[in-house]
Amino acid sequence: MFYLPIKKLPKILLPMVACAVICILVVGCGWDDGISARPEGLIFEEYRDGYAVTGYVGNSTAVDIPSIHNGRSVIAIADEAFSGNDRIEKIEIGNGVSVIGRCAFLNCRKLKRISFPDSVSSVNASAFCGCSSLEYTVYRNVKYLGSDENPYHALIGPMTAASANYVLHENTKIICDYAFSDNKALKLVIIPDGTTAVGYYAFGGCRALEKTIIPESVVRIDDFAFHKNKNGPGKEYLESQIDVYKKEIADNSATVEALVRERDAYRDFLLEKTGSVSDENLISFDEKIKKLSSLCDGLRAEINELPTQLDNADNRTITDITFKGTTEQWGKIEKSGMWNGDTDAYTVRCVNGDLTDPNRNGGNGT
């Protein structure tokens, strides 16, 4: 994820800087109880070997983000850079920008059109969330953003509810963060030739996913891209839950018994002191007893359901990955540490041989 680094001055310079600022205010401008207005336009901060756009001040409805600022490349739009802007309707992003940060255009409700070049390789989470007026290019029920030259550059996500498979446009270059996340129906993913990156949690939580075809053009797979691609819990986990549930039932039952004794003792105390007891006097005890008893009943029902779940545990989905390149090329793809976290066992089938999951059953390097 993209976060703009904050640069700090050495502590020894802080007093001098403070004095200089005070002198400028007193001599140059005089004291002002208000805060000086920031000049209109884009706000830039140094980022890596270039600049990032970190904000915008102004009333324009159209904003152009340049390729160059102060003689150096503009390479990123920072997290929340335009978040909440209620005026901008159109944005043109210059060639060279590669990263659009998290929530960069969050809730820009009047934004209708955004155009960005092929240099964009990463569109982070919620970059366009809440942009209710934004016009997408739609192909086969999937929405895209890009430029006039390639309106299918960035796959944002499906238009409607879950489907078993989608046909992606052949000009897709990047699959954005969360694009198909938690789609419980998706079974097949064919990533087009020419696609270079699969974003954070792009297919995360797709528990029915059975097969994925990845082209050799892919150079980056982000964290959790295929996280939790499995149909359900395994047999070992289910068997361990029986003991967990039984212990919870025993502990809660012991607590219920203790509460019943406390309630009876309190009732006897009230009878002795006042000669009468109402339901309201005992309601706090009764509510706790009822809640814990209900929890125990629920856990017993879970235990009764476990044999059926155990019978189905061996039918869990196995994700099969076909890679249209060699095992060596697969190894060179930049994969974040948890790109395949908590998946079922799988095999990557390359043109020159297969690779099996190294984390299970002595695999050989995926």
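Two strands count as paired if DSSP finds at least two bridges between them, with strands taken as DSSP runs (E, at least two residues) numbered from the N terminus. The model here is a predicted one: local features need pLDDT of at least 70, and side-chain atom pairs count only at pLDDT 80 or more, while totals for chains, interfaces and linings use all residues. Residues are numbered from 1 along each chain as its sequence is written, and side-chain values use heavy atoms, leaving out hydrogens and water.

By that rule, strand β6 (residues 90–93) runs parallel to β8, and three bridges hold the pair together. One spot to look at is Glu92, whose bridge partner in β8 is Ser115.

Ile321 turns up in both pairings: it is the bridge partner of Thr212, and it stands opposite Val348 in β20.

Then there is the packing. A nonpolar core is a set of buried (under 20% relative accessible area, 1.4 Å probe, protein chains only) Ala, Val, Leu, Ile, Met, Phe, Trp, Tyr and Cys residues joined through side-chain atoms within 4.5 Å. The largest has 33 residues, and Ile91 and Phe105 are among those touching the most other members. Its largest share, three residues, comes from β2.

Terms used. Helix = DSSP H or I, 4+ residues; strand = E, 2+ residues; numbered from the N terminus. Buried < 20%, exposed > 50% of the residue type's maximum accessible area, 1.4 Å probe, protein only.
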